[in-house]
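This report describes selected features of one protein model, beginning with the terms needed to read it. Please keep the structure in view while reading.

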Amino acid sequence: MVGGVDAAPGWSRRVAGRCRLTLLEGPVERAEAQGVREGLLPRADLVAACSLSREELTWASSVLGIGKLFEDYGAMLASSDLDAVFLASSSSAHAAQSIEALRRGLHVFCEKPIGLSVEECLSVEREVSEA
């Protein structure tokens, strides 16, 4: 709940039990991370974080209490017990990262835009329909 508004309507009805969520972040996404931690997704537990920035990973560990930290997205997806990813990364990476997570059977919450071209957006849409 952010400002009294459910930021992900229906999320808790679609996810049985708790959801193990990871955050892929960049330097300006701290507000989103804190929002998730503070109830943006009330049944989600932040269990991993991935960033190319050591400073961001240190912050995720010390402020958010996240224990599993990764600098490599593929390694995180391969080694973590996850249900979903929250992509707050560079817009240029959204489509490829969404597709990789969808192919592993994960739910994806992606900031806009999902892609930088119509073709990228359509490729993510195709992947969703096949998942």
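A residue is called buried under 20% relative accessible area, exposed over 50%, and partly exposed in between (1.4 Å probe, protein chains only). This is a predicted model, in which local features need pLDDT of at least 70 and side-chain atom pairs count only at pLDDT 80 or more, while totals for chains, interfaces and linings use all residues. Residues are numbered from 1 along each chain as its sequence is written, and side-chain values use heavy atoms, with hydrogens and water left out. Helices (H or I, at least four residues) and strands (E, at least two) are DSSP runs, numbered from the N terminus.

**Strands 2 and 3**

Strand 2 (residues 44-50) is mostly covered, with five of its seven residues buried. Strand 2 pairs with strand 3 (residues 68-70) in the parallel sense over three bridges; two strands pair if DSSP finds at least two bridges between them. Ala-49 has Leu-69 of strand 3 as its bridge partner.

**Met-76**

Met-76 belongs to helix 4 (residues 73-79) and is buried, at a relative accessible area of 0%. Contact means heavy atoms within 4.5 Å. Beyond its neighbours within four places in sequence, Met-76 is in contact with Thr-22, Ala-48, Ala-49, Cys-50, Phe-70 and Leu-82. From Met-76 to Cys-50 the C-alpha distance is 7.2 Å, although the two are 26 residues apart in sequence.

**Salt bridges**

A salt bridge is a side-chain nitrogen of Lys or Arg within 4 Å of a carboxyl oxygen of Asp or Glu. The whole structure contains three salt bridges.

| Pair | N to O distance |
|---|---|
| Glu-71 and Arg-54 | 2.8 Å |
| Glu-100 and Arg-104 | 3.9 Å |
| Arg-103 and Glu-127 | 3.2 Å |

Arg-103 lies in helix 5 and Glu-127 in helix 6 (residues 118-130), so their pair ties together parts that are 24 residues apart in sequence. Arg-103 is exposed, at 62% relative accessibility, whereas Glu-127 is buried, with a relative accessible area of 12%. Glu-71 is partly exposed at 41%, and Arg-54 is partly exposed at 47%. Glu-100 is partly exposed as well, with a relative accessible area of 28%, and for Arg-104, also partly exposed, the value is 41%.

**Helix 5**

Helix 5 (residues 94-103) is mostly covered, as seven of its ten residues are buried. Among them are His-94, Ile-99 and Leu-102. After helix 5 comes Gly-105, whose phi is positive, near 80°.
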